[in-house]
Amino acid sequence: MTNSFSVAVAVARKDLTAEWRTRELVPALAQFVVLALVIANFGFQIDAHNAPSIAPGVLWFALVFAGLVAFGRAFAAEREQASLEAMLMTPASPVAIFAGKALAAALLLVVCEAVLLPALALFFGTPISAPIVAAVLLATIGMAALGCLFAAMVARMRSRELLLPLLTLPLWIPFIVAGGHAVQVAMGASGSYDQALALLLDFDILFVVLTSLAARFVLDE
Amino acid sequence: MSIVVANGLTHWFGSEVALESIDLAIDAGEHMAVLGENGAGKTTLLRILATAARPTSGRLQIMGLDALRERKRLRARIGFVAHAPGLYPALSATENLEFFCILQGVRKTKVAETLALVGLSEVAKRPAGQLSRGMQQRLAIGRAIIHDPKLLVLDEPDASLGSDAADLLAALMRDRTVVLATHDHALANRLCQRTLVLRHGRSLGTPTRLHLVQ
């Protein structure tokens, strides 16, 4: 019998090991987010007064597009190697395989966030604080679950690069709204940070449960 | 006793029929070759028998279980070698097999034994992406047998294996029920007791070895 937890950990470890050895994704993503911040830095007239109101928007823009690339690659690589079918031809639960893929993709995005947040502080002069990190990490969980589900759905389609953002972005809006609000409040805007964080947590639970239920059908059929 | 019983297996790709009313019964321990030209339906049939694809219509029982409903249970007893090796190029041969041990729920101690069986002990630590095509195919075969399946479904496993392909396959097929698709009639004749010839998705009957030689 296969243990779902062991399978999920093995799948995530396999993906992270492959990324560590090939360094295909993370360096490119890190470059991308830094470039996005450089462009935003020149595109906006940033001063100490308006930086806290512009920085959250730039942060979420960079994060959303980095996420699309990271989650898109999660299943694209399996498709190119024709290895997804080999995994699915085992008695391992498709939900555990999906969880492992989503976990690895989320961790890779977290590494990218570890570059993004200090770079944001550097370019915009906004300090990194625990509330900002918490909001970004909570949003990453739900975004990874949804992003990987749609990445798995479109992996076998010809126009997957176009379809993935079209399917994913509308469902990421709740995370961008709640996460954006949490980061704005953490940077000094008025509002309730706790309420925004609680909303992020609710969305995480909702979408993790929904994607787990859907993953079996998406992967196995 | 028949391990595989198929009745009226039919598969359509859009408006194209890939398989049409295939009836099969394969006994335990029997080796059956599937022959036919490109596009004859060999891969489609093998994917259905390996539970990797569902037929459009028809019934399939494998080891007494409904193959369309009990796929998860059956996959623990079926080994499948597809056209593409489906390996992880950044992981070593050992790591590839260890990963599939976890997914199959078998002990990692099987890895060294399996690598020896497919003749890859000397390159065990080499990344799969740096192995030759033939070695990758051996590794894919190793992955398919690591959980000691009762039914082995092999889609052109001899492709790029080299001159000792027949000996290697003969060793792996021993004591197993095997369905083997190949273009090599001599190999089919040597390894299999029975053949199924497909043309345009239809069965042309199951000639004996003698017919094949003639």
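**View 1. Where chain B meets chain A in this predicted model.** Welcome to the contact between the two chains: 21 residues of chain B touch 20 residues of chain A. On the chain B side, the elements that supply two or more residues are α2 (71-75) and α3. Helix α3(B) gives the largest share, with 5 residues. Sorted by class, this side of chain B holds 15 nonpolar, 3 polar and 3 charged residues.

**View 2. The largest nonpolar core and C148(A).** This core counts 146 residues, and those with the most contacts inside it are A105(A), C148(A) and V34(B). Take a look around C148(A): beyond its neighbours within four places in sequence, C148(A) is in contact with F71(A), A74(A), F98(A), K101(A), A102(A) and A105(A).

**View 3. The fold of chain B.** Here you can follow 8 helices and 10 strands. The radius of gyration of chain B is 17 Å, close to the 17 Å that the globule rule gives for 214 residues, so chain B is as compact as a globular protein of that length. Its C-alpha atoms fill a box of roughly 45 × 40 × 35 Å along the principal axes. Of the 214 residues in chain B, 49% are buried. Among contacts in chain B with a separation of 6 or more, 66% join residues 24 or more positions apart.

**View 4. Confidence along chain B.** The mean pLDDT of chain B is 89, and 96% of its residues reach 70 or more. Within chain B, confidence is highest in helix α3 (residues 93-104), at a mean of 96, and lowest in helix α8 (residues 209-213), at 53. The model as a whole scores ipTM 0.86 and pTM 0.89.

Methods:
Residues numbered from 1 in each chain as written. Chains lettered and ligands numbered in written order. Predicted model: local features only at pLDDT ≥ 70, side-chain atom pairs only at ≥ 80, totals over all residues. pLDDT = per-residue confidence, 0-100. Helix = DSSP H or I, 4+ residues; strand = E, 2+ residues; numbered from the N terminus. Contact = placed C-beta atoms within 7 Å. Nonpolar A, V, L, I, M, F, W, Y, C, P; charged D, E, K, R; others polar. Core = buried A, V, L, I, M, F, W, Y, C linked by C-beta atoms within 7 Å. Buried ≥ 20, exposed ≤ 12 C-beta atoms within 10 Å, placed from the backbone. Rg over C-alpha atoms; globule rule 2.2 N^0.38 Å.
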